[in-house]
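Okay, thanks for coming, everyone. Let me put the structure up and then walk you through a few spots in it.

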Amino acid sequence: MIVSWLAGLRQAVSSKLTIGIGGLLALAITSGQSLLEALEPPVLPALAAGAPLDAGRWRIALHEARLTPQSRPDGPPAPDGAQFLALDLDIANRSSETDNTFARILTVDPPVDGLQPNPTFWLMRDKAMLSALQPGLPERVRVIWRLAPGAKPPERLRLVVAGETFKPRDNLLAAPGWFNRKLIAAATLPVTRGEVKP
């Protein structure tokens with residue numbers, strides 16, 4: 001009886017040790033992968049100015065970046081002498097619904113000192129602030145960031161583009177949608193000086 005009890009105890013301890021070692025090994029591997037991903041950012045394909053890019057929900061083409069005294073496409077120079085960074089792009093909503101998540105497409109990376117993080121988006125067709133994009137209707141849009149007083153304007157602007165994938169049925173609700181947001185391309189544009197043409 002003692003022998004069988006000891007054999008059972010030995011088997012239980014052995015199973016727990018195996019499970020514990022396996023769990024620690026899995027934790028070490030995932031931690032190592034996370035650390036490696038954090039240390040080595042992915043090398044993204046280069047996006048040339050004017051080249052169209054399929055970003056899943058959106059199709060975009062980045063054109064030019066320019067330093068300007070205007071806070072809006074058809075506005076006069078800012079009275080306080082503020083400077084703004086403007087980017088012109090073409091964008092089309094490829095989904096079947098009106099969408100307002102266009103602000104998540106672009107990120108300035110690396111960040112520019114003194115550049116406000118949340119730009120305004122302007123519809124160039126009627127010079128109105130953009131609130132949503134209709135499906136299947138390509139638009140020219142101007143993105144405008146404000147520069148803090150005294151901030152040095154960048155010579156070049158690097159923009160990272162995020163894309164999404166359409167799934168007819170997601171895993172949680174079995175509903176269609178755009179998922180798996182990830183960085184898919186990067187563009188580096190020279191920043192020209194002078195007033196932006198409306």
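One cut-off before we start: I call a residue buried when its relative accessible area is under 20%, exposed when that is over 50%, and partly exposed in between. And keep in mind that this is a predicted model.

So let's take Arg-57. Is Arg-57 buried or exposed? Its relative accessible area is 12%, and the cut-off for buried is under 20%, so Arg-57 counts as buried. What does Arg-57 pair with? Glu-164, in a salt bridge, with 2.8 Å between the closest N and O atoms. Look at where the two sit: Glu-164 is in strand S8, residues 156–167, while Arg-57 is in the loop between S1 and strand S2, so this pair ties together parts 107 residues apart in sequence. Glu-164 is buried as well, at 13% relative accessible area.

Salt bridges with shared partners connect Arg-57, Asp-99, Arg-104 and Glu-164 into one network. Over the whole model, the count comes to 12 salt bridges.

Let me show you two more of them. Asp-54 and Arg-94 meet through their side chains in a salt bridge, 2.9 Å from N to O. Here too the pair links distant parts of the chain: Asp-54 belongs to strand S1, residues 53–54, and Arg-94 to the loop between strand S3 and strand S4, 40 residues apart. How accessible is Asp-54? Its relative accessibility is 41%, so we call Asp-54 partly exposed. Arg-94 comes out at 42%, again partly exposed.

The other one is Arg-72 with Asp-74, where the closest N and O atoms are 3.1 Å apart. Arg-72 is partly exposed at 33%, and Asp-74 is partly exposed at 43%.

Ser-95 is buried, with a relative accessible area of 12%. Which side chain does Ser-95 make a polar contact with? That would be Asn-93, at 2.7 Å. The Ser-95 side chain also reaches the backbone oxygen of Glu-97, at 3.0 Å. If you skip its neighbours within four places in sequence, Ser-95 is in contact with Arg-57, Pro-135 and Trp-178.

Next, the strands. Which way do S8 and S9 run relative to each other, parallel or antiparallel? They're antiparallel, joined by 11 bridges. To pick a spot, Val-160 has Ala-186 in S9 as its bridge partner. S9, which covers residues 177–193, is also joined to S2, by 3 bridges, and those two run parallel. There, Ala-65 stands opposite Val-191 in S9.

Last stop is Val-108, which sits in strand S4. At 14% relative accessible area, Val-108 is buried. What does Val-108 touch, once you leave out residues up to four places away in sequence? Leu-115, Trp-145, Leu-157, Arg-158 and Leu-159. Take Arg-158 from that group: Val-108 and Arg-158 are 50 residues apart in sequence, but their C-alpha atoms are 5.9 Å apart in space.

Notes: Residues are numbered from 1 along each chain as its sequence is written. This is a predicted model: local features need pLDDT of at least 70, side-chain atom pairs count only at pLDDT 80 or more; totals for chains, interfaces and linings use all residues. Side-chain values use heavy atoms; hydrogens and water are left out. A salt bridge is a side-chain nitrogen of Lys or Arg within 4 Å of a carboxyl oxygen of Asp or Glu. Helices (H or I, at least four residues) and strands (E, at least two) are DSSP runs, numbered from the N terminus. Buried means under 20% relative accessible area, exposed over 50%, partly exposed in between (1.4 Å probe, protein chains only). Two strands pair if DSSP finds at least two bridges between them. A polar contact is a pair of N or O atoms within 3.5 Å; within protein, one must be able to donate a hydrogen and the other to accept it, and residues adjacent in sequence count only if both atoms are side-chain atoms. Contact means heavy atoms within 4.5 Å.
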